[in-house]
Amino acid sequence: MSDASLHATSQDPNDFAVQISDQIASFIVAVTEIAKGDEPDSAVPFLLLEVSQLMLAGGRLGAHEDILPDERYEPDLGPEADVDELRERLARMLDPIDVYSEVFDPYEPRKAPVAARISDDLADVVTDLRHGMAHYRAGRVTEALWWWQFSYFSNWGSTASATLRALQSLVAHVRLNQPLPELDGLDTDEDLAGAEDALEEEAGRVMAEEIGAPLGLRTVK
């Protein structure tokens with residue numbers, strides 16, 4: 001893509017910048033709506049869909065040649081929007097399946113898994129995306145694309161990927177009628193290395209009742 005297309009002011013729906021910004025804006029709006037809790041029984045599959053679609057935008061940014069900002073120093077955007085309410089709403093809605101285990105770098109040998117929270121991850125991703133959206137809406141298209149691409153590699157790409165894996169696993173456990181391991185004691189303040197508690201069916205039963213049954217998801221006999 002040429003510099004001219006990056007600086008284009010037209011809203012051509014086929015323009016790379018317009019498509020990326022539309023996908024990102026759609027994700028921010030969707031997650032904010034889901035967090036309101038109006039349809040809690042559908043939250044997990046809806047989040048699975050939204051994060052999957054966001055990863056398409058991330059993949060396109062990742063495959064694109066390096067995008068360089070117009071200015072050497074990033075323009076001041078003022079204070080960041082507070083995402084604590086979003087984080088708390090998601091945490092309440094997703095309890096008790098909010099915490100999951102993650103390996104940050106699959107290419108780092110013998111890297112122990114750590115505990116993470118879907119609610120924290122989604123709030124952090126939204127923060128990164130909103131930062132770029134502020135540039136985009138101010139007319140700094142190249143700056144926005146640079147930020148989204150840079151933060152995709154440095155933060156929100158890996159965070160969203162881990163969240164996607166957790167959400168996919170949750171839906172798969174329900175669809176395949178596979179109980180989750182016991183979640184008691186799993187906390188983001190603890191290291192999961194060496195945790196060898198016996199698998200329990202309680203967490204899987206709770207998830208199936210609270211998520212699977214209301215959704216009408218059939219189980220595999």
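Contact here means heavy atoms within 4.5 Å of each other. This is a predicted model, where local features need pLDDT of at least 70, side-chain atom pairs count only at pLDDT 80 or more, and totals for chains, interfaces and linings use all residues. Residues are numbered from 1 along each chain as its sequence is written, and side-chain values use heavy atoms, leaving out hydrogens and water.

**View 1. Helix α2 meets α4**. Here V31, T32, I34 and A35 of α2 touch L86, R89, L90 and M93 of α4. Helices are DSSP runs (H or I, at least four residues), numbered from the N terminus. The two axes, lines fitted to C-alpha atoms over the stretch in contact, come within 9 Å and cross at roughly 55°.

**View 2. Helix α2 packs on α6**. Residues 16–35 form α2 and residues 141–175 form α6; their axes sit 11 Å apart at an angle of about 60°. From α2 come F16, A17, I20, S21 and I24, and from α6 come V141, L145 and W148.

**View 3. The largest nonpolar core**. This set of 48 residues has F27, L129, L145 and W148 as its members with the most contacts inside it. Such a core joins buried Ala, Val, Leu, Ile, Met, Phe, Trp, Tyr and Cys residues through side-chain atoms within 4.5 Å, buried being under 20% relative accessible area with a 1.4 Å probe, protein chains only. α6 gives the most, with 13 residues.

Technical notes: Axes are lines fitted to C-alpha atoms, for helices over the stretch in contact, and angles run from 0 to 180 degrees between N-to-C directions. Helices (H or I, at least four residues) and strands (E, at least two) are DSSP runs, numbered from the N terminus. Buried means under 20% relative accessible area, exposed over 50%, partly exposed in between (1.4 Å probe, protein chains only).
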